[in-house]
Amino acid sequence: SKYSDLQQNTTIPGGPTGNQTITVGGATTSDQETVLAVSTSGNITLNLNGNQFRTTAGDVLSTDTDGASIINVATGVTVVGTTGDVINFYGAGTGTLNNRGTIGNATTGRGVYSGSAEAVTVNNLTGGVINGNYDISNLNDTINNAGTIVSNVAGQTLTISSNVLNNSGT
């Protein structure tokens, strides 16, 4: 099913099962997660075409599935909160972030987070900016950077263990 311009606390008819495509076209400001996309049995594609801002501490947006999660942040879109994690992948599936916008700011903790059972590929594309650190699994995650990665935590470095970093950006 396809759902456009969902706001928080919207329940998809029939419950969170099967494949979901969610497109957020407008700006969202909330004291809760701006998007929490859940599917127990399918893939989730989340297209962000409008700014997302959380006014309180905590996750800005999350997907939770045992299928594949794909989050697409469009050019010119900012996804930010006051503190806490910005982009979150939960469940036992795989996660892919395609970023052309700006994720996080100077107070962001983690720009990208995944649970230990969720392998993640981060594609920070040309023009994309990701502020904050990464807390991703050790399941051969990949970070492809053609944009800008900014660590805003004093002394923070990007630790690569079984993960891969391909960097042609800054």
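Strand E7 is largely enclosed by the rest of the structure, because four of its five residues are buried. The model is a predicted one. E7 covers residues 61–65, and Thr 63 is found in it. Thr 63 has 0% relative accessibility. Buried means under 20%, so Thr 63 counts as buried.

What does Thr 63 touch, leaving out residues up to four places away in sequence? The list is Ala 37, Ile 44, Ser 69, Ile 71, Asn 88, Phe 89 and Tyr 90. With one of these residues, Ser 69, there is a polar contact: the two side chains are joined at 3.0 Å. Another name on that list, Ala 37, is the bridge partner of Thr 63.

That bridge belongs to a wider pairing. E4 and E7 run parallel and are joined by five bridges. E7 also pairs with strand E10, residues 87–90, in the parallel sense over four bridges. Here Ser 62 has Asn 88 in E10 as its bridge partner. Asn 88 is also among the residues that Thr 63 touches.

Now step back to the whole sheet. In which order do its five strands stand? The order is E4-E7-E10-E13-E16, the sheet is open, and the pairing is parallel. Strand E4 (35–39) and strand E16 (133–135) stand at the edges. Each has a single partner strand, so one side of each is left without a neighbour in the sheet. Neighbouring strands of this sheet are turned by 5° against each other on average, direction ignored. At the E16 end, three bridges join E16 to strand E13, residues 110–114. These two strands run parallel. Arg 110 stands opposite Asn 133 in E16.

In a regular strand the side chains alternate between the two faces of the sheet.

A second sheet comes next. It is open and has six strands, in the order E3-E6-E9-E12-E15-E18. Its pairing is parallel. Which strands stand at the edges of this sheet? They are strand E3 (28–30) and strand E18 (148–150). Each of them has a single partner strand, so one side of each lacks a neighbour in the sheet. E3 is joined to strand E6, residues 52–54, by three bridges, and the two run parallel. Ser 30 stands opposite Arg 54 in E6.

The secondary structure of the chain is simple to state. There are 19 strands and zero helices. Of the 170 residues, 42% count as buried. Take the contacts between residues at least 6 apart in sequence: 56% of them join residues at least 24 apart. The chain exposes about 7,400 Å², and carbon and sulfur atoms supply 50% of that area.

Next, the nonpolar interior. In soluble globular proteins, nonpolar side chains tend to be buried together. In this chain, the largest nonpolar core has 25 residues. Which of them have the most contacts inside it? They are Ile 71, Val 79, Ile 87 and Leu 97. The elements that give two or more residues to this core are strand E2 (20–24), E4, strand E5 (44–48), strand E8 (68–73), E10 and strand E14 (119–124). E5 supplies the largest share, three residues.

Leaving out residues up to four places away in sequence, Ile 71 touches Leu 46, Leu 48, Leu 61, Thr 63, Ile 87, Phe 89, Thr 96, Leu 97 and Asn 98.

Two loop residues complete the tour. Asn 43 lies in the loop between E4 and E5. Is Asn 43 buried or partly exposed? At 36% relative accessibility, Asn 43 counts as partly exposed. Asn 43 touches Gly 18, Asn 19, Gln 20, Gly 67 and Ala 68, not counting residues up to four places away in sequence. Thr 94 is 51 residues from Asn 43 along the chain, and their C-alpha atoms are separated by 9.3 Å.

Asn 140 lies in the loop between E16 and strand E17 (142–145). Asn 140 has a relative accessible area of 56% and is exposed. Its backbone also stands out: Asn 140 has a positive phi of about 60° although it is not a glycine.

Definitions and conventions: Residues numbered from 1 in each chain as written. Predicted model: local features only at pLDDT ≥ 70, side-chain atom pairs only at ≥ 80, totals over all residues. Heavy atoms only, no water. Pairing = 2+ DSSP bridges. Axes fitted to C-alpha atoms, helices over the stretch in contact; angles between N-to-C directions. Buried < 20%, exposed > 50% of the residue type's maximum accessible area, 1.4 Å probe, protein only. Polar contact = N/O pair within 3.5 Å; in protein donor to acceptor, adjacent residues only side chain to side chain. Contact = heavy atoms within 4.5 Å. Areas by Shrake-Rupley, 256 points an atom, 1.4 Å probe, with all protein chains shown as cover. Core = buried A, V, L, I, M, F, W, Y, C linked by side-chain atoms within 4.5 Å.
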